[in-house]
Each structure stands twice: as structure tokens, then as C-alpha cells.
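I set out to look up selected helices, strands and contacts, one entry at a time. The structure is shown first.

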Amino acid sequence: MIAVEELTSQKHIPGNFFAPNVYVQGDTELGLIENREGARLIALPETLLSALYSGLEHEVGPAADLVLQQCGYYWGRNFYRRFASEVSEYYGKSLAEMEMVEFLQLLKACWKTYGWGLIELDFSYHQQGFLVVQTQHSAFAKVRGAGEHPSCFVESGLLSAFFSQLTGRELGCVQTTCESLQATHNSFILGLPERIKAAEAWIKEAQDHDTILSQLCSQPAATVS
Amino acid sequence: MQSTFEDLARAAEDHYLQPTEMNSFKQQVDALQDRLTVYEAIRDHELVIFQTIADQLHKEPASNSPSDIEKVLTHWIAVLRYSAMAMLMDQPEVLTDQLGWLTDVVSGDEYLSLHQHISELLHQCLHSVLAEDQIMLIEPFLQPVDAALFSEDSNRELVVLG
């Protein structure tokens with residue numbers, strides 16, 4: 001027999017921690033946008049992103065992509081720490097103790113509430129050692145404008161750091177489709193760096209996502225450490 | 001608090017509310033009073049509603065474990081709280097912001113019949129504690145829950161309240 005009174009009287013029934021109307025708070029008088037835990041958030045106007053891209057390209061030329069990826073990487077490490085800490089505290093369990101569906105919902109909700117667009121994770125290639133991530137409505141892609149190759153380097157670095165921390169293994173990340181190249185979404189493939197590295201050349205050859213993924217999966221298993 | 005109030009509040013930019021606008025404002029106040037009454041009724045009957053549902057589930061052969069039933073029931077308690085708050089505030093997003101979480105974490109075929117059963121029992125219980133015109137106020141805020149749980153459309157996040 002279920003004692004409903006115990007259920008209704010519990011301290012709180014966890015809902016969506018990242019519900020936008022609850023998660024993002026602010027005090028315009030103090031110039032603050034904060035999350036519900038009081039950690040400061042910063043809204044990036046498009047003009048600032050655009051200026052960052054232009055400034056970097058002007059200062060370091062072709063190395064700008066690498067710099068942006070590194071920025072994303074450091075951002076991702078801190079993002080993971082905040083995500084793990086806030087979520088664990090609210091739900092009363094660590095990320096490792098969560099069911100996969102809970103974790104996925106939280107990451108999707110967080111991504112959306114942070115204004116990064118939509119994110120979907122595809123574990124179909126898990127057995128081959130790869131994780132496919134798709135994002136949509138990326139401000140980073142929109143501001144970057146049309147180019148020859150995928151250009152969400154910040155997100156690529158962020159995803160690499162986030163999933164490296166989550167899995168406890170260093171993971172590389174390559175982007176295979178990009179909204180800045182008129183694709184419907186941005187696709188990223190994550191895997192061990194030595195396995196992912198081969199994809200960088202294929203991306204420069206403008207091979208499509210499916211071909212790249214297929215070639216990665218057909219790599220000899222011996223290369224997996 | 002709700003869009004109509006906000007729209008009327010913006011009128012202060014250039015004029016005092018005129019008779020038709022005052023009427024609209026008064027209607028909003030009356031509607032808010034009705035919603036408050038429904039909200040209080042649901043709040044005060046929460047325990048009765050869900051104990052009735054739990055007792056009914058207990059009487060019937062279950063394909064889910066007791067812990068699963070408790071987990072799903074807990075989510076329905078939360079769903080009704082968010083639905084009632086969304087109705088009170090007349091802000092559908094109070095519910096939609098939660099639906100992805102509340103439905104997906106207990107989704108899956110193994111829960112489907114349990115969800116359907118709880119949903120039916122919940123509607124029955126609400127009919128027993130609310131008048132028909134009160135049901136009409138909360139119903140639009142329960143339909144999206146059913147749609148999110150039972151729709152064949154896998155992209156549940158796109159479910160939008162009308």
C-alpha cells in the first residue's frame with residue numbers, strides 16, 4: 001500500500017531544474033543576471049561574438065579556430081563542474097547515479113535555457129566508440145557566417161571537455177556538418193583523440209557526415225586504446 | 001501576471017483605462033477569482049485524490065513494481081501541481097517548461113499503461129471534487145500532459161499549449 005501522504009509531504013518533488021522562468025533570474029539595478037543558485041550569468045550580444053571572431057582572426061589568423069576550440073574546452077570544463085554540482089545538489093544524487101534518461105533531459109534542458117539552441121545525443125555508435133551530438137540554432141554558427149568548413153569551434157571544445165569529464169577519458173571532437181554551411185543542424189562526433197584525428201582530413205576534403213562516421217567506425221579496432 | 005493584465009498595464013504609457021478596457025480588466029479579475037477557487041480545491045484535495053488513485057492501483061493486478069508505481073505516482077503529483085499553477089497564473093509555459101522532464105524521465109513502454117490508468121483515475125477524481133465549469137478551467141492544462149505521454153510524436157518537447 002502506497003502512503004501518499006509521505007509522497008505529498010516530501011520536501012520537494014524535483015522538476016526541471018533548468019526551467020527557464022525559474023533558472024534565470026536577475027536584478028537589472030545591480031547589473032546582474034544570475035542562475036537560481038546565485039551564480040552569475042553573462043549574456044553575449046551577437047555584436048560581441050562577432051567582434052571576438054573578427055579580433056581573433058585579425059590577431060592570430062588561421063590559429064583563431066584553435067584558440068576558439070581551446071576557449072570552448074576551458075569553458076566546457078567549468079561548465080561541467082557547475083552542471084554536475086548544481087544538478088547533484090538539486091536532485092540529491094550524483095550524475096553517475098542518475099538514469100541515462102534523466103541525464104539526457106537535464107543536458108537538453110540546460111542547453112536550451114542557456115540559449116545555446118537544441119541538443120540531441122545519439123548513442124547508436126557507442127559500440128564503435130563514438131558519440132554523435134547534434135545541435136540546432138547555434139549562435140556561434142550564425143555569427144561566424146558562411147565559410148568552407150564547419151565552424152562551431154567553441155561548441156566543439158565545450159563538448160569535448162564536457163564528455164571527457166563525464167566519462168573520465170580524454171575525448172576528441174570533430175564537427176561534420178554546420179549551420180553556417182546551410183546544414184539543418186550542427187553534427188559533432190566524439191571519440192578517443194587518436195581515432196577522431198583521421199576525421200580532420202576528411203572534413204577538409206568536404207566529405208559528408210555519414211561517410212566520415214562510416215569511415216571512423218570501420219577503422220581497425222586495434223587502434224582503440 | 002498574465003498577458004492581458006500586462007497589455008492593460010502598458011496602457012499607462014499614454015492613457016487611463018477606458019470603459020471597455022476597464023471591463024476587460026474586471027473580467028480578468030473575475031476569471032482569476034474562479035481560477036483561485038479551483039486551485040484551492042485541487043490543493044486541498046491533493047491527498048484524497050492521489051490516495052484514491054493509489055488505493056485503486058493497489059486493488060488491481062500490476063505489471064509494474066511497487067517502487068515504479070510510487071515513482072510514477074510521484075511524478076503525477078508534480079504534474080498536477082504544475083498544471084494547477086499554470087492554470088492559476090494562466091501561463092501555459094509554467095507547465096510546458098516542466099513537461100519534457102516530468103514525462104520523459106518516466107517514459108517508456110513499461111510505464112505506458114500505468115500512465116494511462118493514472119490519467120483516467122485522475123480525471124475521475126477531479127470530476128468528483130470539481131464542478132463541471134471548474135473542470136473546464138483545469139482541463140486545458142491537463143491535456144498537454146496526456147499529449148506528451150501518449151502522443152506517437154516522439155518529439156514531445158514540441159507540444160505546445162493552445
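The entries below record what I looked up in this predicted model.

**Entry 1: a helix of chain B.** I began with helix H2 of chain B, which covers residues 19-44 and so numbers 26 residues by the DSSP assignment. From the first C-alpha to the last, H2(B) reaches 37 Å, close to the 38 Å expected at 1.5 Å a residue. I then asked how many of the 26 residues of H2(B) are buried. The count is two, and I noted H2(B) as hardly covered.

**Entry 2: a helix pair across the chains.** Two packed helices are described by the angle between their axes and the distance between the axes. I recorded the crossing of H5(A) and H5(B) as right-handed. Which residues meet there, in H5(A) and in H5(B)? On the side of H5(A) I found Val101(A), Gln105(A) and Ala109(A); they meet Gly100(B), Trp101(B) and Asp104(B) of H5(B).

**Entry 3: a sheet of three strands.** In chain A I traced an open sheet with the order E1-E2-E3 and antiparallel pairing. Strand E1 (24-27) and strand E3 (40-41) stand at the edges with a single partner strand each, so one side of each has no neighbour in the sheet. Between strand E2 (residues 32-35) of chain A and E3(A) I noted two bridges, in the antiparallel sense. I also looked up the bridge partner of Ile33(A) in E3(A), which is Leu41(A).

**Entry 4: an enclosed strand.** I next examined strand E6 of chain A, residues 172-177. Five of its six residues are buried, so E6(A) is largely enclosed by the rest of the structure. Five bridges join E6(A) to strand E7 (residues 186-191) of chain A, and the two run antiparallel. Opposite Gln175(A) I found Phe188(A) in E7(A).

Entry 5: Is Arg195(A) buried or exposed? I counted 22 C-beta neighbours inside 10 Å; the cut-off for a buried residue is 20 or more, so Arg195(A) counts as buried. I also compared Arg195(A) with Ser180(A): they are 15 residues apart in sequence and, C-alpha to C-alpha, 26 Å apart in space.

Technical notes:
Residues are numbered from 1 along each chain as its sequence is written. Chains are lettered from A and ligands numbered from 1 in the order in which they are written. This is a predicted model: local features need pLDDT of at least 70, side-chain atom pairs count only at pLDDT 80 or more; totals for chains, interfaces and linings use all residues. Helices (H or I, at least four residues) and strands (E, at least two) are DSSP runs, numbered from the N terminus. The expected span of a helix is 1.5 Å times one less than its number of residues. A residue is buried if 20 or more other C-beta atoms lie within 10 Å of its own, exposed if 12 or fewer, and partly exposed in between; C-beta atoms are placed from the backbone. Two strands pair if DSSP finds at least two bridges between them. A crossing is left-handed if the near helix is turned anticlockwise from the far one by less than a right angle, and right-handed if clockwise. Two residues are in contact if their C-beta atoms, placed from the backbone, lie within 7 Å.
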